[in-house]
Amino acid sequence: MTILAAARLLGQAQKIACLTGAGVSAESGVATFRDPQTGHWARFDPQQLASQAGFAADPGLVWRWYMERLLGVTQRAQPNAGHRALAEIEQMRPHFTLVTQNVDNLHERGGSQNVIHLHGEITRFHCNRCGRTHDLKEAEQTAAEPPRCTSCGGPVRPSVVWFGENLPLPAMNAAWQAAESCDLMLVVGTSGVVYPAAQLPFVAQERGAVVIDINPEPSPISEMATLYLPGPSGVILPQIISQMQEAGLGE
Ligand code: OAD
């Protein structure tokens, strides 16, 4: 019943914004951050691995941790049914903006076109000192220490947002605009505890939008959502699409 309600709401919405988090990639074998036991931050100290202080203290440790994640994403992980379903909804509905906190690019590989990266992308690199962007060869990526910038000699780092850093301004602006102007916000696979991203569903709701949350575990967002669909996104999202198609709600 709730699946049908979600299909109807998505089928009727004029402007849809979608916020995704690590949970949407969980069924691709990519670890989340806060799931007990398997989440990165359940096993590692985020200050050590995802902050300027951590990078300064041990650049090689930070570099190797990210490059291991990069290899996992590019060589092992494949987009799952949830990624593909979101790409399909983008095709079915006229205005659909996907805002992701994920750095893994699995949305694009799953077929999504219009993706805003709030927390950067693990496949991109820039100098931590001068900001120059770098394309790196595989040997540089798998090195034990970060490569040096060819302009200033500073250490190169992955272009992801660390704790204490600002989000990229163009992505922030685009995400806020999408949240403020949508009439439906679909939230998928986020614990809703990292700000400012977690603010987006509240921004949308304050402007009158319906909020649908998909997550096997309840979160602050499932509590405020108009509709909470408990379950894995790779199962729930394809069910919603089937209902939309059955009811002719695609266009
Ligand atoms: P979290 O690890 O905090 O939350 C993942 C959420 O996904 C949890 O609420 C899970 O219940 C849910 N989940 C697990 N499996 C799922 C599935 N199959 N389908 C749907 N949901 C599932 O990850 P994020 O909310 O993305 O920031 O974390 C936000 C930010 O915190 C990340 O972008 C990262 C991290 O520190 C930076 O690196 C800047």
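Q37 sits between α2 (23–26) and α3 (40–43), in the loop that joins them. Its phi is positive, about 70°, although Q37 is not a glycine. For context, most residues other than glycine have a negative phi, and most peptide bonds are trans. Please keep in mind that this is a predicted model.

There is also a peptide bond to point out. From Y195 to P196 the bond is cis, with omega near 10°. P196 is again a loop residue, placed between β7 (184–188) and α11 (200–206).

Next, the overall layout. The protein is divided into two domains. Domain 1 is made of three segments, 2–29, 79–119 and 167–246. Domain 2 takes 39–76 and 124–160. How far apart are the C-alpha centres of domain 1 and domain 2? They lie 28 Å apart. Four residues from domain 1 and five residues from domain 2 take part in the contact. The area buried between domain 1 and domain 2 is about 330 Å², and carbon and sulfur atoms give 57% of it.

Now the ligand. There are 23 residues around it, and those that come nearest are F33, R34, T190, S191 and N215. Sorted by class, the shell has nine nonpolar, 10 polar and four charged residues.

With T190, a polar side-chain atom is 2.6 Å away. With A22, a backbone N or O atom lies at 2.8 Å. With Q101, a polar backbone atom is at 3.3 Å. As for burial, the ligand taken alone exposes 790 Å², and the protein buries 92% of that.

What does the side chain of H126 make a polar contact with? The partner is the side chain of S159, at 2.8 Å. Leaving aside neighbours within four places in sequence, the contacts of H126 include G131, R132, T133 and H134. Also in contact with H126 are P155, V156, R157, P158 and S159. For a pair that is separated in space, take H126 and L98: they are 28 residues apart in sequence, and their C-alpha atoms are 24 Å apart.

To recap two items: the bond from Y195 to P196 is cis, and Q37 has a positive phi. That is what I have; questions are welcome.

Key: Residues numbered from 1 in each chain as written. Predicted model: local features only at pLDDT ≥ 70, side-chain atom pairs only at ≥ 80, totals over all residues. Heavy atoms only, no water. Contact = heavy atoms within 4.5 Å. Polar contact = N/O pair within 3.5 Å; in protein donor to acceptor, adjacent residues only side chain to side chain. Near = heavy atom within 4 Å. Areas by Shrake-Rupley, 256 points an atom, 1.4 Å probe, with all protein chains shown as cover. Nonpolar A, V, L, I, M, F, W, Y, C, P; charged D, E, K, R; others polar. Domains from an automatic or database assignment. Buried area = accessible area lost by both parts, 1.4 Å probe. Helix = DSSP H or I, 4+ residues; strand = E, 2+ residues; numbered from the N terminus.
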